[in-house]
Amino acid sequence: MGIGFLMSNIMTGLTLDLLCMQILTGIALGSIYALLALGLCLIFGMLTVVNFAHGAFFMVGAFLGVYFLGLTGSFWFSLLVVPLITGVMGLFTERFLVRPMYGRGIDYPLLLTFGLSYVLIELTRIIFGIEGMPSITPEGLTGSVNVGFGYFPKYRLFLIAATAVIILCIWLFIQKTRYGLIIKAGSRDQEILKVLGVDIAKVWLLVFAVGTAIAGLSGILASPTRSVNPEMGIPILAESFVVTVVGGMGSPVGAVVAGLLVGIVYSMTSLFAPDLAELSIFVVMAVVLIIRPQGLFGKAGLMG
Amino acid sequence: MSRKLNTNSQRRKLLIGGAAVATTPFWFNIAKAQTAPIKIGFPTPLTGAFSAEAQDQARAAELAIKEFNEAGGFNGRKAELLVRDDKLNPGEAATRTLELIEKDKVDYVVGSLSAATQLSINAVCKERKVIFNSISQSDAINEVKDWSIYTFHEALNPTMTAGAVARYAIPRFGKKIVFLTADYAYGHEMVRAFERAGKKMGATTLADIRHPLGAADYSAFLPRIKALNPDILVLCNFGRDLVNSAKQCTDFGLKNSMKIVTPVLLYTARQAGGPEAFEGIMGGTSYYWGLEDRIPSAKIFNDRFRKAYGGAVPSDYGALGYSGIRSILQAIKNAKSTDTPKVITALEQLKYDWYKGPEYYRKCDHQAVQSVILIDSKSKNMKDKYDVFNILQIDPTSEENMRSCAELGFKV
């Protein structure tokens with residue numbers, strides 16, 4: 001039984017509605033990838049830190065989200081407070097753990113954050129238990145709605161919209177504010193910033209916190225679509241790295257575009273050859289690396 | 001040169017003398033064996049996608065140990081449970097089992113919670129000639145290739161459970177079937193068993209869609225399933241995978257056009273997923289605490305579990321942990337010995353009713369012959385948080401719906 005058989009098998013039932021549905025599903029999947037990759041690449045672009053604890057912050061965000069939702073009954077309150085908490089965690093991580101690593105090789109902070117991710121997972125197991133928590137879809141967003149070519153879950157539509165809003169906010173922050181200008185300048189030439197009298201340490205602190213805040217926010221946003229458990233950040237971290245590599249390390253635009261692309265590729269492969277879906281995103285990465293080693297929107301030589 | 005030789009031989013004498021003093025007298029070793037605890041190793045995936053089920057297995061197993069010890073043990077020897085986390089990884093499971101046998105010197109092994117890990121645990125136990133009572137589903141473990149005289153299978157197998165679900169569901173809901181399958185031994189065996197039973201009733205498979213074990217998102221598979229428009233969608237997955245896929249199928253509105261069934265409808269998954277996600281889903285199980293209305297041993301077991309764990313009820317796989325341990329401990333008493341060959345004979349002769357009605361181990365493959373309970377998930381009129389399933393039907397204890405010994409490759 002080869003791919004040909006699978007293709008012919010599906011072709012008989014292939015309609016435009018099904019294709020549209022599959023693409024929409026892919027965009028919803030890709031939204032989470034895009035958000036996570038955006039956080040990763042902000043941190044990498046500015047600090048050249050490969051944050052291996054990003055998946056763990058995502059997981060912590062999901063747990064805190066479900067916890068506060070249970071406590072207060074308000075999804076919107078959780079949506080506000082969770083990124084604040086993971087952001088503050090990010091502040092402490094940068095100030096006390098990552099900062100002493102600056103000036104050493106790129107693998108120092110990488111190994112440190114890798115270790116940190118295991119600490120966060122174990123702490124979550126101790127505090128919330130190893131089996132995880134039942135996730136709740138916020139009221140008003142349960143069930144599905146007719147989108148013209150079929151029924152699609154309301155929450156996933158909300159997820160796409162929320163992601164768009166968040167990405168727009170971050171874009172405005174980077175493009176239109178003074179801080180954004182400093183961040184942009186900092187990712188190109190940090191020496192000049194120092195010469196101009198900008199306290200680069202503060203910018204690093206802020207960027208790291210923004211990155212982890214976005215990770216936490218992605219966690220709570222993703223939680224109603226999947227089960228919340230201590231290991232949930234591990235596979236998605238690998239997928240987010242694929243997205244950042246495809247988009248180009250350190251490129252926010254690349255992260256968003258590649259996130260959506262990977263989501264859609266995964267979804268379309270699931271339609272034609274479900275067995276290969278998991279593999280497909282790595283094939284995309286391999287192809288991009290062969291044709292454009294710096295990624296779709298990346299600048300060459302950042303890792304050097 | 002000669003001087004050196006001399007000191008060497010002196011040192012050797014000294015060593016021999018020391019060894020003689022260090023060696024404990026023969027009778028002392030026997031005395032120690034009679035008071036040393038009976039050790040049972042218990043590898044199970046405490047962390048990972050099946051952690052909720054695994055924790056309950058360990059809890060219920062402890063209960064069986066406690067009961068045995070409170071009843072005085074065996075000739076004054078108490079039992080001890082050594083729980084190890086196999087992380088749902090066959091390699092890890094083999095390593096932990098080997099450690100339990102070699103380092104911790106366990107007498108027997110009970111446990112596992114995956115069709116894949118139990119085969120690796122079984123392989124280790126088989127090689128070391130240690131009894132292994134598996135409490136997780138598998139068809140392969142009954143087959144002559146993997147089986148050994150040391151292998152016992154307390155859990156149901158896919159042929160029994162998926163078969164029972166197919167026989168119940170196909171006449172009621174229809175013959176066009178789609179499978180959403182976890183891509184490993186468990187999923188494959190469930191599909192095979194469901195199809196085997198379905199074939200006799202004229203069922204056809206429209207698609208068998210495979211997903212990786214432990215996948216978080218199933219949404220990409222769902223539009224296609226909807227478009228295929230089957231009568232029945234069979235979720236051949238377990239633990240968190242079952243929770244996630246049931247939840248996402250509900251979100252995508254699949255239940256409006258098809259019936260969702262699952263060979264093993266887990267109590268723990270239903271608790272984790274909530275009533276909406278599982279509304280209307282039917283499936284099979286080895287045990288549901290609600291059996292206590294009609295089966296006295298279920299009532300006794302539930303009450304003991306409630307007393308030990310603050311009013312909580314045992315889950316299906318939890319009950320298997322209890323039963324798997326209790327059978328071995330009873331066999332020791334019946335055999336009046338902890339010797340492996342004698343315990344094996346005692347297990348083969350055992351007729352027991354620990355918690356769900358009468359059971360016994362079939363002679364050829366040591367499969368526990370037992371009933372399959374068909375249930376569906378409640379979303380209304382629940383008395384309390386434990387009241388989650390309706391019992392639809394009980395498939396009685398019989399060898400009729402199992403593969404025959406000859407089919408499994410045993411010479412009869």
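**Entry 1: helix pair in chain A**

I looked up helix α7 (residues 178–188) of chain A and helix α9 (residues 200–222) of chain A, which pack at an angle of about 100° with their axes 11 Å apart. Helices here are DSSP runs (H or I, at least four residues), numbered from the N terminus. Axes are lines fitted to C-alpha atoms over the stretch in contact, and angles run from 0 to 180 degrees between N-to-C directions. α7(A) and α9(A) are therefore roughly perpendicular to each other (angles of 65 to 115 degrees count as such).

The model is predicted: local features need pLDDT of at least 70, side-chain atom pairs count only at pLDDT 80 or more, and totals for chains, interfaces and linings use all residues. Residues are numbered from 1 along each chain as its sequence is written, with chains lettered from A and ligands numbered from 1 in the order in which they are written.

I then listed the contact (C-beta atoms, placed from the backbone, within 7 Å). Y179(A), I182(A), I183(A) and G186(A) of α7(A) meet I200(A), V203(A), L206(A) and V207(A) of α9(A). By class I noted 7 nonpolar, 1 polar and no charged residues (nonpolar is Ala, Val, Leu, Ile, Met, Phe, Trp, Tyr, Cys and Pro; charged is Asp, Glu, Lys and Arg; the others, Gly among them, are polar).

**Entry 2: domains of chain B**

I took the bounds from an automatic or database domain assignment: domain 1 of chain B is 32–156 + 294–369 and domain 2 is 159–285. Their C-alpha centres lie 29 Å apart. The contact takes 15 residues from domain 1 of chain B and 19 residues from domain 2 of chain B. On the domain 1 side, α3(B) gives the largest share, 3 residues.

Key:
Helix = DSSP H or I, 4+ residues; strand = E, 2+ residues; numbered from the N terminus. Parallel < 35°, antiparallel > 145°, perpendicular 65-115°, else oblique. Contact = placed C-beta atoms within 7 Å.
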